[in-house]
Amino acid sequence: MPLHRRHLIDIADFSRDEFDSVLETAVSMRQVLERPISRVPTLRGKSIVNVFFEASTRTRVSFELAGKSLSADVVNVASSGSSIEKGESLIDTFHTIQALGADLVVLRHPKAGAPDLAARNLSCSVVNAGDGLRGHPSQALLDLFTVQQHTGDIEGLKIVIVGDVLHSRVARSGIWAFARMGAHVYLSGPPTLLPPHFNKLVNGDDGIVRIEHDLDRAIDGADVVMALRIQKERMHLGMLPDLREYARRWGITSTRLSRADRRALLMHPGPMNQGIEISPDVAYGEHSVITEQVTNGVAVRMAILYLLLAGTPA
Ligand code: CP
């Protein structure tokens, strides 16, 4: 079933059917990727432009591989080396990309709302690949997919998201996505990085999302533990006493993880600060699905591109 939308900007307005549609399509895409020649002609004749105005490894490379596996033409634009450096405005850049014949633009930008601006100014599809602190919808979808591949169902699972929730677009999109799929979402972290109103993020309700600053209590019996990157670049804001203290209270260690369910999944969107939010022995240990998240990113992004572009004229 195609998505009844032209753009993927935010996960907050995704319906349950849309989640299911992406997750089911990603299963087929993963089968394509497991073939000796992992390429299908589905998007032949379509042009995808990856516009990344902020650093990225996983998201940029996986959107590029996803487009190529579907036989689309894919080009990459970074702010460095583009006419943005000569002072071209963002809107003029969008118009230029449109004039060059893009069918879909994947946009990462440091400012929240940049993908909405692109969607208003482009007649082609726009996919948000991370905008400021606001959202990272394709990450949320690949996180759901990774969990679903292991558990079969997300409804009723206890999901703990721990760390710098305040500055995390991954957390914002993940909270919505897991809550919409019926999971019990627990947020943990230092009070300075975990605003009290975040328990009302979804539908303004208490109860769907809970805050538990004590990580040992939060992690008790958890099915999924997702550590967030401590954004060291924000340390100058004085929101953390120091990184050693953070690691002691909110770092994921094997001792801490032993409080979770014995089949618990350990996730991290990357890039990781090993020894701070996650200890090296668990980062690639028996519970870790962190490299699977990266691999699944390609199949899920193939599903997104396919569902947005299939059926549109070449
Ligand atoms: N998870 C994530 O967005 O990683 P990148 O910044 O490497 O794309």
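**Close-ups of the ligand site, pocket and cavities**

**View 1. T59, R58 and S56 at the ligand.** In the side chain of T59, an N or O atom sits 2.6 Å from an oxygen atom of the ligand. R58 also has a side-chain N or O atom 2.6 Å from a ligand oxygen, and for the side chain of S56 the distance is 2.6 Å too. These are polar contacts, meaning pairs of N or O atoms within 3.5 Å; within protein, one atom must be able to donate a hydrogen and the other to accept it, and residues adjacent in sequence count only if both atoms are side-chain atoms. The protein buries 91% of the 260 Å² that the ligand exposes when taken alone (accessible areas by the Shrake-Rupley method with a 1.4 Å probe; for residues, only the protein chains shown count as cover). Around the ligand are S56, T57, R58, T59, R108, H136, Q139, P269 and G270, each with a heavy atom within 4 Å of it.

A note on the model: it is predicted, with local features needing pLDDT of at least 70 and side-chain atom pairs counting only at pLDDT 80 or more, while totals for chains, interfaces and linings use all residues. Residues are numbered from 1 along each chain as its sequence is written, and side-chain values use heavy atoms, with hydrogens and water left out.

**View 2. The largest pocket.** This pocket holds about 550 Å³ of space. On a 1 Å grid over the protein atoms alone, a pocket is an open set of points with protein on both sides within 12 Å along at least five of seven lines, a cavity is a set where a 1.4 Å probe fits but cannot get out, and lining residues have an atom within 4 Å of a point. Points are joined across faces, edges and corners, and a volume is the space filled by probe spheres set on them. Of the 24 lining residues, E54, R108, R169, R229 and P271 lie nearest the pocket centre. Helix 2 (58-69) and helix 6 (169-180) each bring at least two lining residues (helices are DSSP runs of H or I, at least four residues, and strands runs of E, at least two, numbered from the N terminus). Domain 1 (16-135 + 296-309) and domain 2 (137-293) each give at least three, with bounds from an automatic or database domain assignment.

**View 3. Two backbone spots.** G270 and P271 are joined by a cis peptide bond, omega about -10°. P271 is in the loop between strand 9 (265-267) and helix 10 (280-283). S71, a residue other than glycine, has a positive phi near 70°, and sits in the loop between helix 2 and strand 2 (73-78).

**View 4. The largest cavity.** There are 2 cavities of 30 Å³ or more, and the largest has about 60 Å³ of space. Domain 1 and domain 2 both contribute to its lining, so the cavity lies between them. Helix 11 (290-309) gives the largest share of the lining, 5 residues. Lining residues include R58, Q139, P269 and R301.

**View 5. The second largest cavity.** This one has a volume of about 50 Å³. Its lining is D164, L193, I230, Q231, R234, M235, M239 and L240.
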